[in-house]
Amino acid sequence: MTLARFVRSLLLAGSVICALGAPETALARPGVVALEKNQYLHGDFNLNRHLNGFSDGLKSQGEFVLVPATGLIWQTKTPFPGTTVLGPGGIVNIDANGERSQLGTGAAQFGIFVDLISSVLAGNWSALENRFHVEFSPPGDNTDIWQVKLTPFGESAIGGQITDIVATGDDFVQQVRLNKPGGDFDDITLSAQQTANLPLPKDKAELLPKAAPK
């Protein structure tokens with residue numbers, strides 16, 4: 001399973017979020033490592049899609065690279081190798097043979113969506129406060145783990161697709177749960193996360209529609 005169906009779940013939310021252009025360092029909450037403009041984030045993921053009425057979820061594992069406001073590279077290793085690239089120009093799937101297929105286009109719509117998912121994975125909660133109620137629970141006395149719950153405002157198009165998004169972590173976002181009407185939900189667990197300075201390695205930069213800024 002690739003990221004494609006998860007992307008479609010969030011796409012409507014991304015299409016109605018206002019443009020988000022503030023620096024990550026200015027908006028990150030305490031407890032989250034803020035990404036500088038010249039940095040990117042990379043790590044491993046486990047994605048588990050739970051469907052109401054089914055005992056077992058649909059699972060995939062792989063690696064991701066996030067360049068805030070530029071693009072997200074989601075490389076699935078198992079069970080079926082493939083890469084999904086999200087950029088301002090749209091969503092592109094790349095199969096194990098290197099064949100590319102465009103899932104969607106539209107610079108404005110997808111640029112906003114990349115900002116949305118970048119904000120969630122980078123812990124940039126303040127950038128989402130214009131469309132979500134952001135409930136931040138700081139770490140307790142005996143733990144370093146914090147939680148952020150994002151609930152769409154009122155009767156919105158976002159609310160028709162997403163009940164809420166719950167993220168937990170310490171220095172980085174460790175887990176994101178996307179709850180949907182009807183009881184379905186997606187769990188994303190992130191691990192081995194590190195920040196690094198741009199530019200991206202050549203093999204990663206070539207996957208993005210445009211090279212990451214230096």
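**Figure 1. Secondary structure and overall burial of the chain.** The chain contains four helices and 11 strands. The model shown is predicted. Of the 214 residues in the chain, 49% are buried. The accessible surface comes to about 10200 Å², and carbon and sulfur atoms account for 50% of that surface. Among contacts between residues at least 6 apart in sequence, 51% join residues at least 24 apart.

**Figure 2. The largest nonpolar core and the surroundings of Leu 150.** The largest nonpolar core is made up of 30 residues. Those with the most contacts inside this core are Phe 64, Leu 72, Trp 125, Leu 150 and Val 176. Helix α3 (residues 107-122) supplies the largest share of the core, four residues. Another core, of 13 residues, lies apart from the largest one; among its members are Tyr 40, Val 67, Val 85 and Ala 196. With neighbours within four places in sequence left aside, Leu 150 is in contact with Val 120, Trp 125, Leu 128, Phe 132, His 133, Val 134, Asp 164 and Ile 165.

**Figure 3. The salt bridges around Asp 186.** The structure holds two salt bridges. In one of them, the side chain of Asp 186 meets that of Arg 49, with an N to O distance of 3.1 Å. Asp 186 lies in strand β11 (residues 185-197) and Arg 49 in strand β1 (residues 39-50), so this pair ties together parts that are 137 residues apart in sequence. The side chain of Asp 186 also meets that of Lys 180 in a salt bridge, at 3.3 Å, N to O. Side chains of opposite charge can pair when their charged atoms come close. Asp 186 counts as buried because its relative accessibility is 1%, under the 20% cut-off. Arg 49, at 4% relative accessibility, also counts as buried. Lys 180 is buried, as is Asp 186.

**Figure 4. Thr 163 in the loop between β8 and β9.** Thr 163 is found in the loop that runs between β8 (146-152) and β9 (164-169). With 37% relative accessibility, Thr 163 counts as partly exposed. Not counting residues up to four places away in sequence, Thr 163 touches Thr 151, Pro 152, Asn 179, Lys 180 and Pro 181. Of these, Lys 180 takes part in a salt bridge with Asp 186. Pro 152 is 11 residues from Thr 163 along the chain, and the C-alpha atoms of the two are separated by 7.3 Å.

Figure 5. Six of the eight residues of strand β3 (residues 71-78) are buried, so the strand is largely enclosed by the rest of the structure. Strand β2 (residues 58-67) and β3 run antiparallel and are joined by seven bridges. Within this pairing, Gly 62 stands opposite Thr 76 in β3. β2 and β3 form a hairpin with three residues between them, and Ala 69 in the turn has a positive phi of about 65°. β3 also pairs with strand β4 (residues 82-87) in the antiparallel sense, over five bridges. Here Ile 73 has Val 85 in β4 as its bridge partner. Three residues lie between β3 and β4, which form a hairpin as well.

Definitions and conventions
Residues are numbered from 1 along each chain as its sequence is written. This is a predicted model: local features need pLDDT of at least 70, side-chain atom pairs count only at pLDDT 80 or more; totals for chains, interfaces and linings use all residues. Side-chain values use heavy atoms; hydrogens and water are left out. Helices (H or I, at least four residues) and strands (E, at least two) are DSSP runs, numbered from the N terminus. Buried means under 20% relative accessible area, exposed over 50%, partly exposed in between (1.4 Å probe, protein chains only). Contact means heavy atoms within 4.5 Å. Accessible areas come from the Shrake-Rupley method with a 1.4 Å probe; for residues, only the protein chains shown count as cover. A nonpolar core is a set of buried Ala, Val, Leu, Ile, Met, Phe, Trp, Tyr and Cys residues joined through side-chain atoms within 4.5 Å. A salt bridge is a side-chain nitrogen of Lys or Arg within 4 Å of a carboxyl oxygen of Asp or Glu. Two strands pair if DSSP finds at least two bridges between them.
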